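Hello,

Here is the structure I promised to pass on to you. Please open it beside this email, and then read on for what was found in it.

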Amino acid sequence: MSNHFTIKIPCKTYVKAYLEFNCGNLVDLSLMPDLLKEFKICLDKKPEHRESANLTLYCETVTIIIPPDWFYRYGWEMNKENIIDFNKRVEMKVKFFMRQYIAINNSLGTPLITCIREFQTSFGFSEDIWSWDSIRKDFERNGEKCKLKKVKELKEELQNLCLANLSRSGHISNKLKKEYYNG
C-alpha cells in the first residue's frame, strides 16, 4: 500500500506489541476487521469529555494506517478520549486472548508458569513488554472467567458417558454402572 495515510497514537507497550505482531510495523487494521471498526468509531466521534485525561500510562506510540476514504471523511487525529477508548478496546482483546491461551494450556496440565512463558515467547511479549508477574496477576484476578475443566475432569465425564451408553446398549448392566458411579 504505497498511497496511505497514518496516525500515531500513544499506547501501552503490550498493546503496541499485539498490534504490530498481528498487523505489521505500520499497523494495517484491515487484517483485524473488528478492530478496524472500533478504530473508525474512535476516529469519527470527537467528544470532549475527558480532554484533561492523563496519557502517561501510554509510553509507546503506534502508527496506524488510515484508509484514504476515512482520512478525507473523518480526519487524521484522535482526541484524548478517543485514544483512551481505542486503547481500552485493544487491551480487552489482548487480555482476553492471553487468558484463553493460558487457560487452555493450563487445563491440559501445563503449569501456570510454563503457560505464561510459552504465551510470552510465542506471541512476542518479552519480559520488558509484558512482564510474567503482570500477566500472572491479571490471570489470577480474571482467569476464573475462562477456566476450563482439567483433563482429569474431562476423562471422568467421558468415562461416565461411555458407561451410560454401554448400559443403554446392553453391554453392561445398570447394576455395574451404578456401582461404578458410586464407587
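In which helix is Met92 found? Met92 is found in helix H4. Before going further, please keep in mind that this is a predicted model, where local features need pLDDT of at least 70, side-chain atom pairs count only at pLDDT 80 or more, and totals for chains, interfaces and linings use all residues. Residues are numbered from 1 along each chain as its sequence is written, and side-chain values use heavy atoms, with hydrogens and water left out.

**The overall picture**

The protein has eight helices and three strands. Both kinds of element are DSSP runs, numbered from the N terminus: helices are H or I with at least four residues, and strands are E with at least two. Reading from the N terminus, the order is β-α-β-α-β-α-α-α-α-α-α. Of the 183 residues in the protein, 39% are buried. Here buried means under 20% relative accessible area, exposed means over 50%, and partly exposed is in between, using a 1.4 Å probe and protein chains only.

Contact means heavy atoms within 4.5 Å. Among the contacts in the protein with a separation of 6 or more, 72% are between residues 24 or more positions apart.

**Around helix H4**

Let's go back to Met92. Its relative accessible area is 61%, so Met92 is exposed. Met92 is 77 residues from Val15 in sequence, and their C-alpha atoms are 9.9 Å apart in space.

Two packed helices are described by the angle between their axes and the distance between the axes. The axes are lines fitted to C-alpha atoms, for helices over the stretch in contact, and the angles run from 0 to 180 degrees between N-to-C directions.

Helix H1 (residues 13–23) packs with H4 at an angle of about 75 degrees, and their axes are 10 Å apart. H1 and H4 are therefore roughly perpendicular to each other. As for the cut-offs, under 35 degrees is roughly parallel, over 145 is roughly antiparallel, 65 to 115 is roughly perpendicular and the rest is oblique. From H1, the residues Tyr14, Val15, Tyr18 and Leu19 take part, and they meet H4 residues including Phe86, Val90 and Phe97. Sorted by class, this contact of H1 with H4 has eight nonpolar, one polar and three charged residues. The nonpolar class is Ala, Val, Leu, Ile, Met, Phe, Trp, Tyr, Cys and Pro, the charged class is Asp, Glu, Lys and Arg, and the others, Gly among them, are polar.

How do H2 and H4 pack? Helix H2 (residues 33–44) and H4 have an angle of about 165 degrees, with axes 9 Å apart. H2 and H4 are therefore roughly antiparallel to each other. The H2 residues that meet H4 include Leu35, Phe39 and Cys42, while Phe86, Arg89 and Val90 are among those on the H4 side. This contact of H2 with H4 divides into six nonpolar, one polar and five charged residues.

H2 also holds Asp44, which is partly exposed at 43% relative accessibility. Asp44 and Trp76 are 32 residues apart in sequence, with 9.6 Å between their C-alpha atoms.

Asn105 is in H4 too, a helix that spans residues 80–107. Its relative accessible area is 17%, so Asn105 is buried. Apart from neighbours within four places in sequence, Asn105 is in contact with Thr110, Cys115 and Glu118.

**Helices H5 and H6**

Helix H5 (residues 112–122) packs with helix H6 (residues 132–142) at about 120 degrees, and their axes are 10 Å apart. That angle makes H5 oblique to H6. Among the residues that meet are Leu112, Ile116 and Phe119 in H5 and Trp132, Ile135 and Phe139 in H6.

Ser126 is in the loop between H5 and H6, and counts as partly exposed at 32% relative accessibility. Ser126 and Tyr14 are 112 residues apart along the chain, and their C-alpha atoms are separated by 9.2 Å.

**The cysteines**

How many disulfides does a search of the whole structure find? The search finds zero disulfides, a disulfide being a pair of cysteine sulfur atoms within 2.5 Å. For Cys59, the nearest cysteine sulfur is that of Cys11, 8.0 Å away. Cys59 counts as exposed, at 58% relative accessibility, whereas Cys42 counts as buried, at 0%.

Enjoy exploring!
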